[in-house]
Amino acid sequence: MRSSNPVLTRLTPETHTAPAPGYGAGYGSPYPTYQEPPTYVAQQDRMTIDDVVVKTVSLLGLVVLAGVATAVVLPNELLGVAWIGGAIVGLVLGLVISFKRLVSPPLMMAYAVVEGVFLGAVSEFYHAISRGIVTQAVIGTFAIFFVMAGLYKAKVIRATPKFARFMLGAVIAAVVVMLVRLLMGLFMADSPLSNGSSFSILVSLGIIVIGALTFILDFNQIEQAVAQGAPRNMAWLCAFGILVGLIWVYLEVLRLLSYLRGSE
């Protein structure tokens, strides 16, 4: 089952060490198996859920540190530069990492720092116009993440092929809507997609729901990678994929809260 997250779909044969001669099937094989992990990957070199958790927390830590430093140290007149610059550099790094065939922890750490600068500038802007909104957005984002993790663990929502196909279309639709919303916001003073109206609130809620549901496919992809004996360094790629999803949901939750508070 492939994740709708473009990062986690890189969990393919090209993203890890090639099998030793004589071993054709195994993790990432065109014909995946759910039997014992491939013997050519040593036990201590196999990825575990704990590895993914540790790497995810590490990247989140960098995001938080960079974000707090940006909000506290950077002068207000430079927040716009950090916002635009962080968005552009983060997008470029994200695309490079997503389509890179080898795992690069330093590059992922750089991405986390850049995104921290971007999120710090964005969060400071929202904080200035609505006190307490950033804390609520952070709590809401992690609440969504852990609720989805619980639903996946309890098998309330299953990552079936039909669900995966639906999510692929939903993610594409959400991306298109966000791009249209961005363009309308640049050229229209009162865009119906971002003016805080009931319609814009429903759009934002829909995007949050789609972002939340992508975690189900991400969890399934990670679980399969562990079961099939993925190399330990793949935990960095999984952590990066989760980070991308969290950033997406956080930004949309922040936007939704601003609508509900009448800030936009």
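This report walks through the confidence, helices, salt bridges and surface of one predicted model.

Residues are numbered from 1 along each chain as its sequence is written, and side-chain values use heavy atoms, leaving out hydrogens and water. As the model is predicted, local features need pLDDT of at least 70 and side-chain atom pairs count only at pLDDT 80 or more, while totals for chains, interfaces and linings use all residues.

Let's start with confidence. pLDDT is the predictor's confidence in each residue, from 0 to 100. The chain has a mean pLDDT of 84, with 82% of its residues at 70 or more. Residues 12–40 have pLDDT below 50, and this stretch has 39 contacts in the model beyond near neighbours in sequence. A contact means heavy atoms within 4.5 Å.

Now to the helices, which are DSSP runs (H or I, at least four residues) numbered from the N terminus. Helix 6 covers residues 198–227, and its 30 residues reach 44 Å from first C-alpha to last, close to the expected 44 Å. That expected span is 1.5 Å times one less than the number of residues. Of the 30 residues, 21 are buried, so helix 6 is largely enclosed by the rest of the structure. Buried means under 20% relative accessible area, exposed over 50%, and partly exposed in between (1.4 Å probe, protein chains only). After helix 6 comes Gly229, with a positive phi near 75°.

Two salt bridges are counted, each a side-chain nitrogen of Lys or Arg within 4 Å of a carboxyl oxygen of Asp or Glu.

| Salt bridge | N to O distance |
|---|---|
| Arg232 and Asp51 | 3.2 Å |
| Glu252 and Arg181 | 2.9 Å |

Arg232 sits in the loop between helix 6 and helix 7 (234–260) and Asp51 in helix 1, so their bridge ties together parts 181 residues apart in sequence. Arg232 is partly exposed at 38%, whereas Asp51 is buried at 12%. The other pair joins Glu252 in helix 7 to Arg181 in helix 5 (residues 161–187), 71 residues apart. Glu252 is buried at 3% relative accessibility, and Arg181 is buried at 6%.

Helix 1 (residues 49–73) also holds Thr56, which is buried at 11%. Beyond neighbours within four places in sequence, Thr56 contacts Ala239 and Ile242.

Finally, the surface. Ile84, Ile88, Val89, Val92 and Val96 make a nonpolar patch of about 430 Å². Patches take residues with over 30% relative accessible area and no salt bridge, joining like charges within 9 Å and nonpolar side chains (Val, Leu, Ile, Met, Phe, Trp, Tyr) within 5 Å. Ile88 belongs to helix 2 (residues 79–99) and is exposed at 52%.

Notes. Helix = DSSP H or I, 4+ residues; strand = E, 2+ residues; numbered from the N terminus. Areas by Shrake-Rupley, 256 points an atom, 1.4 Å probe, with all protein chains shown as cover.
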